[in-house]
Amino acid sequence: MNPEGNNVPAIDVDNLTVSYGGRPALESASFAIDPGLMVGVIGPNGAGKSTLIKALVGFVRPDSGDIQICGVPARSAKGSIAYVPQRGDLDWDFPVTVEDVVMMARYARLPWWRSPDGSDKSAVRAAMDTLGIGNLHGRPIGELSGGQKQRVFLARALAQDAEVFLLDEPFAGLDAATEKELVKVLARVRAEGRTLLVVHHDLATAGDYFDRIILLNQKLFGYDTPQRMLRPDILRRVYEHKLEPFKHPIWEAAAS
Ligand SMILES: Nc1ncnc2c1ncn2[C@@H]1O[C@H](COP(=O)(O)OP(=O)(O)OP(=O)(O)O)[C@@H](O)[C@H]1O
Ligand SMILES: [Mg+2]
């Protein structure tokens, strides 16, 4: 809430343009996400999904546009953002243990003169248990399987106690049972009033997982409910006609 008692968007993006070496990856995107929503970011490979997330975290510098997180400019809001990068974007060779990685989330919140205390340690332990990696706490991160590494980074995001979660393909490489468990964990995070922006590739599950969908392919094609966004006509434009039909009641209702 702002002083006038109005709801401030958790994520407010105004006219955002990002390019790499003069080539635009994201053009004039604008949307505002209310707190407490889980939002899917959908679009083909190279659509600018990761670029959007990186701009929100401050990892890429926009050409123009304005980003506010919970009412403050994104560059001043780093403590309230938890970020899980796309798997291929990470260097796994650094010599730290699972527990070290999750504890880093707590260091980000501490003033420089304080060491982690009991409450930090129990937050780290709880996050690792939620993701089922408590038994891996002393293992070097480089030795873990792809799915286990993904869980470590998700545990780190949970331990950070952030307001806004930016997750770039968090389910990629997870087995089906783990994906289901993780969806439940994310729903709990949302039930606490936090906001999640999740890059996701599976159109068949997107309608069930998310409250709202952002459709992206360099430009923003829409930000609305799954019922309005996951329609064959609009998806074909986003995917430039390279779209396989998928099994979901929304699609089947629209296609019949
Ligand atoms: N560091 C970079 N330098 C130059 N070009 C880049 C860089 N990162 C991304 N791009 C380009 O920007 C465009 C958008 O890339 P981005 O990674 O945001 O896509 P994406 O939607 O996340 O794709 P994917 O589904 O494959 O992860 C692509 O054309 C990509 O080649
Ligand atoms: Mg990506």
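Which residues surround ligand 1? The views below start there. This is a predicted model, in which local features need pLDDT of at least 70 and side-chain atom pairs count only at pLDDT 80 or more, while totals for chains, interfaces and linings use all residues. Residues are numbered from 1 along each chain as its sequence is written, and chains are lettered from A and ligands numbered from 1 in the order in which they are written.

**View 1. The shell around ligand 1.** Tyr20, Ala25, Gly43, Asn45, Gly46, Ala47, Gly48, Lys49, Ser50, Thr51 and Gln86 surround the ligand (C-beta atom, placed from the backbone, within 6 Å of it). By class, 3 are nonpolar, 7 polar and 1 charged, with Gly counted among the polar residues. Helix α1 (residues 49-57) gives the largest share, 3 residues; helices are DSSP runs of H or I with at least four residues, and strands are E runs of at least two.

**View 2. The largest nonpolar core.** This core holds 70 residues, and Val102, Ala127, Ala155, Leu166 and Ile214 have the most contacts inside it. Its members are buried (20 or more other C-beta atoms within 10 Å) and joined through C-beta atoms within 7 Å. Helix α4 (residues 146-159) supplies the largest share of this core, 7 residues. Not counting residues up to four places away in sequence, Ala127 touches Val102, Ala155, Leu158 and Ala159.

**View 3. Strand β9 and its partners.** Strands β3 (residues 38-42) and β9 (residues 212-217) run parallel, joined by 4 bridges; pairing takes at least two DSSP bridges. Here Ile42 has Leu215 as its bridge partner in β9. Strand β10 (residues 219-224) runs antiparallel to β9, with 5 bridges, and Ile213 is partnered by Asp224. In the hairpin of β9 and β10, with 1 residue between the strands, Gln218 takes a positive phi near 70°.

How values were computed. A residue is buried if 20 or more other C-beta atoms lie within 10 Å of its own, exposed if 12 or fewer, and partly exposed in between; C-beta atoms are placed from the backbone. Two residues are in contact if their C-beta atoms, placed from the backbone, lie within 7 Å.
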